[in-house]
2 protein chains.
Amino acid sequence: MTPEQAYGWLKAHSIETSYLVSAAEVLAWDQRTMIPPKGGPHRAEQIAVLAKLLHERATDKRIGDYLVIVEGSPIVADALSPEAVNVREWRRSYDKSTRIPTPLAVELARTAAEGETVWEGARRDDDWPRFEPVLARIAALLVEKADALGHGGERYDALLDEYEAGTTTVEIAALFGGLRPALTGLLDRIRGAGASPARSPLVGGFPLDAQEAFSREIGAAIGYDLAAGRIDLSAHPFTIGIGPGDVRITTRFQEDFLGAGLFGSLHEAGHAIYEQRLPSAHWGTPRGQVPSLGMHESQSRLWENLVGRSAGFWRFAFPKARAAFRSLARVPFDAFLLAVNAVEPSLVRVEADEVTYNLHILFRFELEVDLLRGDLRVADLPEAWDEKTRAYLGLRAPDRRSGVLQDVHWSAGLVGYFPTYTLGNLYAAQLFAAAEAAAGPLEESFARGEFEPLLDWLERNVHARGGTYRPRDLIRATCGAPPDARHFVDYLTAKHGALRGF
Amino acid sequence: MTPEQAYGWLKAHSIETSYLVSAAEVLAWDQRTMIPPKGGPHRAEQIAVLAKLLHERATDKRIGDYLVIVEGSPIVADALSPEAVNVREWRRSYDKSTRIPTPLAVELARTAAEGETVWEGARRDDDWPRFEPVLARIAALLVEKADALGHGGERYDALLDEYEAGTTTVEIAALFGGLRPALTGLLDRIRGAGASPARSPLVGGFPLDAQEAFSREIGAAIGYDLAAGRIDLSAHPFTIGIGPGDVRITTRFQEDFLGAGLFGSLHEAGHAIYEQRLPSAHWGTPRGQVPSLGMHESQSRLWENLVGRSAGFWRFAFPKARAAFRSLARVPFDAFLLAVNAVEPSLVRVEADEVTYNLHILFRFELEVDLLRGDLRVADLPEAWDEKTRAYLGLRAPDRRSGVLQDVHWSAGLVGYFPTYTLGNLYAAQLFAAAEAAAGPLEESFARGEFEPLLDWLERNVHARGGTYRPRDLIRATCGAPPDARHFVDYLTAKHGALRGF
């Protein structure tokens, strides 16, 4: 077999696999939005059968054989060609899939499914002891998994690499290291500038259908193509890229608080814009895919925060919001802008503001690294959590539900995932700064309802590049420097300083 | 390998395949109800990849090898045991799948997809010459397919068997033979009894949301479990059995005519009730499946017509309809009942009433048999169609759109499918008569809103039996005699005689 034939087989296999993955995505979307109450057990089996099939395809021995034929051939001579990118990532996936023994993969999937169910009940009943044994089993399995995947002494590296390819624990620690003092310093200045601004303009009576229509209008305005998407309701908002022409988001509205649904919709629309602008000619291969969770999150955070909480954006959107919601009729622009930029440490990550959000992530990262190193036992997690909450946020949780039991991730075996949230924030600010350096002040265009200057820059520099670069390299290629927390701190300082006069 | 092991492998293979089929069903449902406008091309590819995978599974050589091991073994000694039923049907499917050469299957699928697209445009533009060439190609491919499947001289048998396993052209001809004079005779008596009753009580202003709520109420009342289903809107109503706990229907409402959405919903609910009451322990194997299209149609027609157009049913439902629709406020019960039982020959099959509907099917059956025998050329179809329309319905179509171009079936390669509609009507009447013989007069229970007597009888005698029997044998087992058109004629004569006093 020639390298060309081997590459052809690998590409066809990748695309066919991607169609099956995208079929599973339709099943997942339907499960969270449309499925009738009694349809759950059958759906779980459907998904399990597809997962089994996908595992068989991912570990097909022919992938290994054909990769050997194509690696080192002229096909992959140019490291940034689609062929070289695809071969690089197929190798990475194949090695990962085959390094984990099937019994371990099965046991992890089974325990994680159980973990999620146990966690749901334990959180509801504020019952840590019920959750502890299954989490201890998950942690032990993750240690096994990290060792099977391989690492250079730091187990966490192996898990992190699942979500943020090519980024190490040392790199994250360096990025996050400067962030903590910068954020707590900024928090002090914000608090020193006076009483926390009222969120009250966002609290009140916001009819659900008006919120839905407004989200649709704003989503379309910033570039989410609704002829190639849908907005539905679900308990946990998400974006799902089924394929070219079909990228759906979900959201959740609260009648008494505009902020949740509005910024949730902007966040998911940001994810969806990324998926919609991936290069469809490369669909089904790594070259056409988003390179990491952190990069994906950079786009959702960019539209949610750097655009969606900016003065320029609201000069465009506030008149529309007033037309949509009677309760905004007497709210002045400045009060509204302060409300969407309210800052106040709080116990629950998903309700945190833009500044304090990252403090939640920083301490989860430290706990996860310690767990994987064996320096922290699962049994000691609740106390460690409370201590970090005091140290980072100055708060004390009255219960486990708003403490160590608040997040689903660990119960589902997702360790190494949390840092990608903060990486997303950092990338977003760095990308935005680079976009402004290239395209001029963007807020002025937002104020006119023009988002093309930003969209075009992002499409050229991020979206169209798909999976060409690993995330750190993509930031370097796009911004001329590796990831750096400075841009995020500068952005926050400038905005909150302007809003509060420091 | 022992027969037990071979059977175990075949069963596991069947169930896993069924999960993939049911994943494809979710894709199909979504495609017709939820997909965004630009999502079509990607969905077509997704479905094609699944179809390819399913074809590979259906023709897996191991099926043939293992069937040989299990056939003739003690496992299949009792012909009505789940094991024997499954082996019987796996053999039938495997032989069918492997007899058709892959190039022919691919060419048929491709031409049928093209045919549907061409037909849509040709019907819209009333342009038979545009459709004729692709239909001629489809007809030639179907001749090839019938010969590949094998038959005893009557090609149509091979195609019919795809939709109504084990039923022959001769049997259909015999069943339909007596039906034509009986139906035209009944039609004469109905017309002799006076002017056609006005459909006017069903025509007027029926708000769409009230129709939707009413359909939901009536569907639930007759036994469609909405916690294990959904009702959505689609251009062409259909039922889809995704699996146990998830059987969905769609419908279409017209604001100016209550009949379309109401009886359409009852029809689909009938299909759904059947799917919901299949024996879930046998899901994924032939034993747990509906044995034929005709049997499926028997259940939709039974609920739509034998229940849904009966006086007893409306004694229960009319007060609810009046509460739901203001425009029924002054309509007397008798006028409403006559309106839902209006009879008048018309040109378009899907708009036909219960009596004349079958005349449409009878002549399509004759045309199809002649086409397959080579006694009729595709080029001569339009004239043959018009002649049959005059002979059977006494009507003359002003255009091709309401003539030979009206149905999608042939364009999609579905020849041998039409007879199952009339078989469904005949089975429905025969089953209903048997149910009344066993359970007493059912209309009295309908009038009290009680449908359990009928549901229970159907579940025991039809639904729970799944695919144990081929359709003719199921009628024999359930009604004590083979399919017979007499019950259908008796039912129509008795109802319309009572309504119109003859």
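User: What makes A:R248 and B:D30 a salt bridge?

Analyst: The rule asks for a side-chain nitrogen of Lys or Arg within 4 Å of a carboxyl oxygen of Asp or Glu. The side chains of A:R248 and B:D30 meet at 2.7 Å, N to O, so the pair qualifies. Bear in mind that this is a predicted model, where local features need pLDDT of at least 70 and side-chain atom pairs count only at pLDDT 80 or more, while totals for chains, interfaces and linings use all residues. Residues are numbered from 1 along each chain as its sequence is written, chains are lettered from A in the order in which they are written, and side-chain values use heavy atoms, leaving out hydrogens and water.

User: How many salt bridges does the rule find across the interface of chain A and chain B?

Analyst: Eight. On chain A, the elements giving two or more residues to the side that touches chain B are α1 (3–33), α2 (40–58), β2 (239–243) and β3 (246–251).

User: What is the area buried between chain A and chain B?

Analyst: About 2900 Å², with carbon and sulfur atoms giving 62%. That is accessible area (1.4 Å probe) lost when the two parts are put together, summed over both. In chain A, the residues losing the most to chain B are A:Y19, A:K38 and A:H42, together 20% of what that side buries.

User: And how many residues of chain A are in contact with chain B?

Analyst: Contact takes heavy atoms within 4.5 Å, and 37 residues of chain A are in contact with 37 residues of chain B.

Definitions and conventions:
Helices (H or I, at least four residues) and strands (E, at least two) are DSSP runs, numbered from the N terminus.
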